Amino acid sequence: MLEIKNLTVEVGNRRVLKDISLTVPSGSTSVLFGPNGSGKSSLLNTIMGLSNYRVLEGQIIFDGEDITHMPVHERAKLGIGLMSQRPPNLVGVQLRDMLRVTSRGKRDPGKLAETLNMKRFLDRDVNVGFSGGEIKRSELLQLAAQNPCFYMLDEPESGVDLESIERVGTMIRDLLTGGVTCAGRRATEGKSALVITHTGQILDYIEADRGYVLCDGMMACSGNPRELLREIRNNGYEECVDCRLVKQK
Amino acid sequence: MRKRAEAALEKKAALGEDIDLSKFREGARDIPEVSSLEELPERTREAMLRASVVPSGEGREGSLVILDNSMVARSVASDAYELMDVRAAMQKHDWLKDYAWKLVQPDADKYTASTYLADAPGYFIRALPGQHVKMPIQTCLLVGSQNTAQTVHNIIIVEEGASLEVVTGCVSEGGVEEAIHMGISEFYVKKGGKLTFTMIHNWAEQIGVRPRTGVLVEDNASYINNYVILKKVRTVQTYPTAHLVGRNSVAQFNTVAVAQPGADLDLGSRAVLSGVGSRAEIISRSLTTGGRVVNRGSLVGKAADIKAHLECRGLILGDKGVNIAIPELEAHIPDVEMTHEASLGKIAKDQVEYIMSRGLTEDEAVGMIVRGFLEVGIRNIPEELKAEIDKTIAQAELAKG
């Protein structure tokens with residue numbers, strides 16, 4: 001589904017990603033770990049094509065197509081969807097309108113919001129005065145309207161209170177699996193995803209197939225996501241920085 | 001008064017470019033009146049639509065149409081209000097002279113003087129005491145021929161405890177490229193009354209517009225002013241002033257303006273708060289796609305416990321336009337709460353890309369942000385009117401800037 005080859009990216013004059021390679025197979029979910037400022041969000045934003053992120057080297061291949069220099073909206077049309085961590089306020093643009101245009105009129109914003117228990121947000125301006133948890137739910141609602149085949153979720157659990165985590169986690173699981181619980185069927189029918197997590201809490205709700213550790217803009221490690229998380233919890237990221245298993249390979 | 005007006009015929013206005021009135025001839029005064037809106041010529045009805053005036057009169061409590069300097073149509077549906085040509089009203093009500101030319105001075109500038117001396121037509125609307133006029137009353141001020149100087153004098157009186165909504169479309173008929181419109185408006189909102197006044201302008205490339213408006217708001221009364229100008233025009237200069245003389249009186253001004261290439265808009269709103277506990281809010285949203293737009297706002301605090309806020313936001317699309325914000329606060333006593341916010345800039349790239357990441361093109365994303373930006377300026381407008389304005393905004397192809 002997604003293949004990143006030797007990606008080097010600059011923001012301003014700063015290199016934020018250095019020679020990154022990773023693959024997210026169709027129907028699978030990969031998780032990105034890494035300390036603050038390691039380049040996780042930069043990677044997602046680069047895949048989305050945001051203009052601050054300038055690709056110096058490497059390629060982004062999506063569904064066999066080179067999208068490295070494709071405009072943002074065309075990537076979205078191919079089926080890439082991004083849940084931002086800090087989306088901008090859209091003053092004067094109501095969530096209802098956003099959902100209507102995002103779904104190209106195919107989904108009824110009212111019904112969509114009802115299933116996600118978010119009807120009272122429909123007439124509010126997108127993100128304006130939203131709490132941390134409300135932003136997450138609004139982002140997920142927009143993704144539900146957009147219905148991408150590849151989800152990029154930037155720290156879906158950050159800023160969400162304990163009570164809301166259950167709701168956000170369940171929403172994500174439903175979006176990714178469409179209710180399918182069988183691993184075999186998930187691989188063929190489910191959505192693909194690349195998920196950034198700091199705490200690993202989201203792994204209580206979704207099946208993750210592979211984990212990657214980013215440190216200082218470089219890929220430090222990859223492997224079983226739960227094992228990686230356990231290691232990070234026990235020893236911190238310093239271990240990964242020193243080890244640089246990927247580099248040694 | 002006549003002498004004062006004559007002496008002011010050459011007096012330049014304090015703001016806005018000076019318009020040479022000798023280039024224009026007085027608007028025709030002898031266009032016959034028809035018995036219903038349906039009988040108006042097609043080109044007139046088409047022009048009305050462009051300024052959100054409903055040619056069928058449907059959904060409107062009453063209608064009055066002025067073409068050049070003639071009143072050409074009038075319909076009145078109930079006896080909760082009076083609606084007629086201001087000249088007829090002056091003949092009918094002797095007391096009306098105490099209201100005419102009291103909030104706008106005839107010798108304020110050459111435009112007020114010309115209108116005073118022209119014995120101008122105009123609309124007179126009066127909501128009778130305690131009456132709540134349900135649907136809006138619409139008026140249309142049309143310029144129908146080239147090089148016309150249209151002069152109108154309007155008076156609205158909302159009597160005690162009454163409420164009224166007025167929608168005015170000011171528009172030029174197709175083919176009229178150069179003209180000047182001078183409109184004097186004097187509005188009185190008496191104790192406990194409420195007036196919502198919405199004005200939509202849709203002129204042509206070489207038309208000059210000089211409205212002069214004064215509003216008097218009494219105890220516990222409120223005045224809401226909505227002004228929308230999105231289409232091409234040569235020059236507009238206006239600075240309506242609400243005098244909040246009553247206790248707990250309220251005024252709100254909402255302005256939505258787009259300066260198209262070649263346009264020079266000098267738009268202001270002023271509230272003078274001299275009633276104890278009075279409140280005022282001025283909200284303006286302006287956008288230039290190549291023209292020049294000046295947004296003035298002035299709040300004058302003269303009484304205790306008043307509260308006033310001014311919010312002025314401007315966007316610049318493309319690299320040719322000029323957007324100027326001039327907010328003013330003036331307090332004459334310490335016990336006031338007065339604030340303002342002003343900001344100018346271009347559309348934020350992160351907002352555009354955020355919407356693009358949902359699958360919309362850049363033009364669609366910019367259009368959506370601009371519509372949202374302007375819509376904040378008209379949030380208080382009645383729903384059906386908002387739909388009209390939404391349509392106008394959508395048609396304005398603002399994304400191309």
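Asn226(B) is buried, with a relative accessible area of 0%; here buried means under 20% relative accessible area, exposed means over 50%, and partly exposed is in between, for a 1.4 Å probe and protein chains only. The residue belongs to strand E12 of chain B, residues 222-229. Helices (H or I, at least four residues) and strands (E, at least two) are DSSP runs, numbered from the N terminus. The side chain of Asn226(B) has a partner in that of Thr198(B), at a polar contact of 3.1 Å. A polar contact is a pair of N or O atoms within 3.5 Å; within protein, one must be able to donate a hydrogen and the other to accept it, and residues adjacent in sequence count only if both atoms are side-chain atoms.

Before going further, a word on the model: it is predicted, local features need pLDDT of at least 70, side-chain atom pairs count only at pLDDT 80 or more, and totals for chains, interfaces and linings use all residues. Residues are numbered from 1 along each chain as its sequence is written, chains are lettered from A and ligands numbered from 1 in the order in which they are written, and side-chain values use heavy atoms, with hydrogens and water left out.

**Where the chains meet**

The contact (heavy atoms within 4.5 Å) draws 31 residues from chain A and 20 residues from chain B. The size of an interface is often given as the accessible area lost when the parts come together. Buried area is that loss for a 1.4 Å probe, summed over both parts, and for chain B and chain A the value is about 2000 Å², with 57% of it on carbon and sulfur atoms. On the chain B side, the residues that lose the most area to chain A are Tyr354(B), Arg358(B) and Met368(B), together 36% of what that side buries.

Arg358(B) also takes part in a salt bridge, with Glu139(A), where the closest N and O atoms are 3.1 Å apart. The term stands for a side-chain nitrogen of Lys or Arg within 4 Å of a carboxyl oxygen of Asp or Glu, and the rule finds 2 salt bridges across the interface of chain B and chain A. Polar contacts join 13 residue pairs between the two chains, both residues being at pLDDT 80 or more. On the side of chain B that touches chain A, the elements giving two or more residues are helix H5 (349-356) and helix H6 (362-375) of chain B. H5(B) gives the most, with 7 residues. By class, that side of chain B has 8 nonpolar, 5 polar and 7 charged residues; Ala, Val, Leu, Ile, Met, Phe, Trp, Tyr, Cys and Pro count as nonpolar, Asp, Glu, Lys and Arg as charged, and the others, Gly among them, as polar.

**Salt bridges within the chains**

Over all chains, the count of salt bridges comes to 29.

| Pair | N to O distance |
|---|---|
| Glu10(A) and Arg54(A) | 2.7 Å |
| Arg124(A) and Glu134(A) | 4.0 Å |
| Glu173(B) and Arg43(B) | 2.6 Å |

Glu10(A) and Arg54(A) form a salt bridge. Glu10(A) lies in strand E1 (residues 2-11) of chain A and Arg54(A) in strand E4 of chain A, so the pair ties together parts that are 44 residues apart in sequence. Glu10(A) is buried at 12% relative accessibility, while Arg54(A) is partly exposed at 48%.

Arg124(A) is partly exposed, with a relative accessible area of 28%, and Glu134(A) is buried, with 15%.

Glu173(B) and Arg43(B) meet in a salt bridge. Glu173(B) sits in the loop between strand E8 (163-172) and strand E9 (178-189) of chain B and Arg43(B) in helix H2 (residues 42-50) of chain B, so this pair ties together parts 130 residues apart in sequence. Glu173(B) is buried at 3% relative accessibility, and Arg43(B) is partly exposed at 43%.

Chain B also holds a network of salt bridges that links Glu82(B), Lys92(B), Arg126(B), Glu159(B) and Lys190(B).

**A helix and a loop in chain A**

Helix H8 of chain A (residues 225-235) has the buried residues Pro225(A), Leu228(A), Leu229(A) and Ile232(A). Seen down the axis of H8(A), these fall within an arc of 100 degrees, so they line one face of the helix; the arc is that of the directions from the helix axis to the C-beta atoms. Arg230(A) and Asn234(A) are exposed residues on the face turned away from the buried side of H8(A).

Asp63(A), in the loop between strand E4 (54-62) and strand E5 (65-66) of chain A, is exposed, with a relative accessible area of 53%.

Note on methods:
Buried area = accessible area lost by both parts, 1.4 Å probe.
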